[in-house]
Each structure stands twice: as C-alpha cells, then as structure tokens.
Amino acid sequence: MDFRIADTFTDSLARLTGDAQKAVKTTAFDLQMNHARPGHQFHKLDKAKDKNFWSVRVSADLRLIVHRSADSLLLCYVDHHDRAYDWASRRKLETHPKTGAAQLVEIRETVQEIRVPVYVHEERPVSPQVPPFRDTPDEELLAYGVPPEWVSDVKQADEDALLAVAEHLPAEAAEALLELATGGKPRVPPQPTTPVKDPFDHPDAKRRFRLLTDAEELRRALDYPWERWTVFLHPEQEETIRRDYSGPARVSGSAGTGKTIVALHRAVHLARRHPDARVLLATFSDTLAHALRIKLRRLTGDEPQLAERIDVHSLDRLGQRLYKAHFGSLRLVAPDELRRLLQEASDAADSQRFSEQFLLTEWEHVVDAWQLCTWEEYRDVVRLGRRTRLPEKRRAVLWDVFEKVRTALRERGLMTQSGVFAAVTSALAEGRNLPFDFAVIDEAQDLSVAQMRFLAALAGDRPNGLFFAGDLGQRIFQQPFSWKSLGVDVRGRSRTLRVNYRTSHQIRQQADRLLGSEMTDVDGNREDRSDTISVFSGPPPLIRVLSTQAEETEAVGMWLAEQAETGVLAHEIGVFVRSAGQLTRAEAAVGRSGLRSGVLDESVAPTKGSVAIGTMHLAKGLEFRAVAVMACDDEVVPLQERIETVGDEGDLQEVYDTERHLLYVACTRAREQLLVTGIDPSSEFLDDLR
C-alpha cells in the first residue's frame, strides 16, 4: 500500500504545540509501519462528502484525518476533534477532469459566503468592476486546474473578490488566475507529455502530495513541518533543479520566491546524481553560509553520506582556505591599515585633489577588484559605475598612488581578499585537480569580481558546472559588473521564479514599489518582476511617521503587543533598523510591548521566546510572521554618513540603489504583518512605499 502525506497535513501539524506534535508523529509512524494494526482506532466520517475520509485517534482530543483506499493511505490533516471533523466535511480528494492531477478540493456547497477582507475603510468613488474572467471560456479555466464546481465563482468574482476566491482553489489554479488578473501571462500548464496513469504522479500533484517509502523519509518530513520546502516543491522549481545545462546557469526572482531553496535542492541533486563528485554550496557571507548548513542538514538528514560530499562555505573563507593550502600562511590587510597606506601614498604623490573616500573606492572597485598590475592596464580599463571622468594625466597621478600602495603591501607581506582570489585562480589554472566538480552559489547578486573570476576558473563552461541563485533587487554589497567578460555567460540559461511563498500579496505589492518592475544586469540579462504573484492575502502594511522617538517607541510597542495578543509568538516577530546605532530604539519598543528581545549576531539564529532585533543587513535569509522596520528617518535611510563620503556621481547613485535595496530586504522578511516607522522628517523612500 502506498503511504503519502499532503502539504495540508504538514501545515496543520506545524500549528500544534510541541507535545501534540510528538503524539501525532508517533501515530503517523505506527500507521506507516502497519496501518491495519487492531490498535488503530479508525472512525468513519459520516458527514464527509468523500466516503474515503476517516479519522484516527491520536489522543483524547486530537484527530488525524486520513484518506484511505484499497491501495493508498494519505495523511491529510490533524487538529483537535471538532476542527478536524469540520475540515474533512468540507473537502474531497478527486482527479481533475482536465489536467489529470490529484487535488484536495474544497466543496463549494460548504462555503456559505466568500468574504472579501476589508482592512482599511476609506471613502472613494464606487465604480462598477467587470469580473476579469467573466468572458473566459470554461475550458480555459479548467486547463489551469480550476475545479469544475468553482468555475462559476471564478467567472463572477471581481478584482476585489478574486484574492478571496483564490484562497479556496488548488495552488496551480490560484497562481494562474492571479497572474492573469495582474496583467501577466501564465506559463503553459505543466501537462505531462503522455497522460499519467496515477493522478499523484502529475507535476501539480507532486507539489502537495509526497510518497514516502520508509520511516526515515517520514521522520525527515515531520521533524520540521513548517519548512515545506524539504518535502514539497513547485513544478517550476523541480524542473529548474533537475535540468541539465550546457554551461553556467542562473535562477533569479524577487524576495520570497524560493531561490535559496532551489540552490539547496540543486546541490543535493548534483551530489545524488554524481556519486563520486564533490559539490560546493557557497554564498558571500559567513552568516548566510551558517544558515545554509542548517538547511542542508534538514534536507539530507537521512543521507549523511550525501551531505558529506557537499561543502558549504562563504566564498571569502573558502578562498583563504585554498590559498593556505597552495601557498602557506596568509596575512590579510585590515581596513584601517589600508586607509592609512592610501593616505600615505597620496601625501607622497601630492595628490590631495582626490578625497580619501574617492581613493578608497577607486582602489576597491577598480584597481584591486580587477587586480590591475601595470599603468597600461589602469589607463585602459573601463571604469564601470565610476562616472567621474579621468583624463590620462589624472589617471597617471592616481596610478602613482596605487603603485605605492601595492609596493607597501608586498613589503609587509599583506594581501587583500581580491589578491587572495587572484592567487588561487592562477593556481587552479595551472593545476589539474580541481577541488570541486560542481559549484552552486546563493545570493549571487553580491559576488565580487575576484570571486567570479575564481568561479570561472573552478568550473568554467563545463556542463552543469556553475549554478547561481540571486536577485538584482537585493544587491546591497557589490557594484555591478559584467559576468560575461570574466568567462561566465548565463545568457539563454537564466530563468526567473515568479511565485512568492513567503510574503502576502499586500506586503509584496507595496515593497515592490521600492524597485522597478524590470531589472537588467550589465550583460543585458533581463529579470521581469512584473508577473510575480503571492499565493496568499493579508492586511496591507502600515506606514507611520511619528513626531518623536518616544511616540515611535509607544506606537511600535503597542503594535508588537497586538501581534502577541493575536497569537503571534515572540520568535515569530522581527524588528529591524538600518544600523547598530538605532538598535536601542528597537530594544525600547520591544520593552514597551512587554516582550523579551534578543539581538541577532553573526549566526543569525533567532532565540525562541524572544523578538529578534537586528540591522537590515542581518535580515537576509530570515522570515517572520510579523516585522517592524523602525527608524526610517531622513539621514538614516539612506544613511547620511555614506552620502557624505561619496567620491563621485556614480558612487552617489550606488549609495541610493543599495540603500533602497536594503529597505526592500527588510520589508520582505515579513510574511503576514508589516509596520514601517520613522521620525518626521522621514526617509524619502517611505513616499515610494506609500
């Protein structure tokens, strides 16, 4: 007999207490081992329209809803007695007549009224809305997976009601309708090339039903039920993960579309498919690498030998490790010492006409980034992103400064991180044994020039050698540059994920106002974000500008307390500020709410029972049910200190871009509730959010 679990089961399990979850897991394991054991208390559900629904007793009040047939047992839902029975009375498992996919369908007759949520009451002219699907043929709606009994509701729903209707539909139908309603064009429904015999084998069914063959698979699925990505994947994610690429490939998408999940599964897929290969899973910071290790352990919990062949590193740490393996000891120059060397060289060259900040950024983004070693290389380099024009005479003066710095570094035996990668890249080019067969890189938008050169030498144009995941709209550390010029060409092998799982429709839509609907990299690869959709709805974000810090503390504190009163747990709440200097404002607001707080460190692990407080940079990779973004004041976002040290016009634009991206990152950590506050005069970016 086939034993399966549904995503509705893992969702309902995640909402139970820890002790209740343990009892449910015990029952689930018993059912998998021997569902026919006399001790199992199966109870026929008389009121269920689907006669194959049964309840299984877990405890005095907990009931597990299963769908049982002669050759299959499906765990569908778990809750306290009355709620579990009510859920079963309003569902049925059926095969869609058009697509052939297995679906858990909400029975239309049990829905008394589809209520359209009204979060903000405002007076506005009322104009009749034409239902967007009023004239859409039934066959077209069925082709997208709309259950036959819901076709009429879809055709009658206006734009306001469509989100509410979509929440009652299977995921593939909801996604297609929302994309059409927002002006997009759904991709071709994932119809198999040949009809599937088993409706559970349809690509759309696999996103919600998982066949489990042994106890280890079940244990892994139930250990972290809230992380559905370890068990269920969207068909587009699955196709991207398993696809063969003739060269470097990239997956992009806005915040919450599952890029990191695709990267994790891609690394595991490569390791599983190539039993003798070593796979690199890397990102740009130690913080995010730590988070990747945790996720990888959850994904490969029952396959330790597989996990051993996947090395997880931050790229800088990896570069340093490989340098030491090839060349021995390593001494990196400290930022303060580099500034001092630049200043000394500038004084000696009598080049006071250039500011200290201009010299530093010219060194970091041009000379050191591209590892320019001669005057001719510096004279002829294209200074991408640097708008201050430099005639040859002025460049000659600057090169005198930079040559002195290079000499000082050599004499002191010091290296820059870019120099480390340059040395390692040369060593890889000369050697025959590469340390990795495949490389999967997350948060690729923040790779440096030197890191990209290293990756090109590591995997080059080998089939499946390089796989990148990233979002141009979340670039907060590095200036843009041409990947193609460094030997990494992803043209024709790029795709954009479009389904947002993390953030509500309202939060995503408002946060997207900080960015354009379309973003293009230096090589002309385009990311179209206009057709991104969220799979669930919620209240709109709140944006409040207060008169004083005391008023902000009071407002945010009350909002946090309200979240707790509605059932949001403390560790499901995050409070973010621009910089460490504003952390005291966040701590005061959490203190006003009566909740405990914990400041995030480099490990980025929220403390259970405490509200997470951190800077926007540490928000990367995190998710919370509710988020407050505080201290969005003028001169804080964007940070005035960065603006005042701008070296040229290109730097100024870069500051505004990355500061805007940083606020976008912070806002999109919120799943259901978002509050953004500042003190008058507030950040100019809040006008865009509104």
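Good morning. Let us begin with tyrosine 378: setting aside neighbours within four places in sequence, this residue is in contact with Glu362, Val366, Val367, Leu372, Leu390, Arg395, Leu398, Trp399 and Phe402. Please keep in mind that the model is predicted.

Where does Tyr378 belong? Together with Leu315, Phe402, Phe454, Leu455 and Phe468, Tyr378 is among the residues with the most contacts inside the largest nonpolar core, which has 59 residues. Helix α20, residues 449-459, supplies the largest share of this core, namely 8 residues. There is also a second, separate core of 31 residues, and its members include Ala255, Leu600, Phe624 and Tyr664. As a general point, nonpolar side chains in soluble globular proteins tend to be buried together.

The buried residues of α16 are Gln357, Phe358, Leu359, Leu360, Thr361, Glu362, Trp363, Val366 and Val367. Glu362, Val366 and Val367 were also among the contacts of tyrosine 378.

Finally, consider strand β23, residues 624-629. Why is this strand described as largely enclosed by the rest of the structure? The reason is that 5 of its 6 residues are buried. Strand β20, residues 573-577, runs parallel to β23 and is joined to it by 4 bridges; here glycine 574 stands opposite valine 627 of β23. Strand β24, residues 670-679, also pairs with β23 in the parallel sense, over 5 bridges. In that pairing, alanine 626 has glutamine 673 of β24 as its bridge partner.

Thank you for your attention.

Notes
Residues are numbered from 1 along each chain as its sequence is written. This is a predicted model: local features need pLDDT of at least 70, side-chain atom pairs count only at pLDDT 80 or more; totals for chains, interfaces and linings use all residues. Side-chain values use heavy atoms; hydrogens and water are left out. A nonpolar core is a set of buried Ala, Val, Leu, Ile, Met, Phe, Trp, Tyr and Cys residues joined through side-chain atoms within 4.5 Å. Buried means under 20% relative accessible area, exposed over 50%, partly exposed in between (1.4 Å probe, protein chains only). Helices (H or I, at least four residues) and strands (E, at least two) are DSSP runs, numbered from the N terminus. Contact means heavy atoms within 4.5 Å. Two strands pair if DSSP finds at least two bridges between them.
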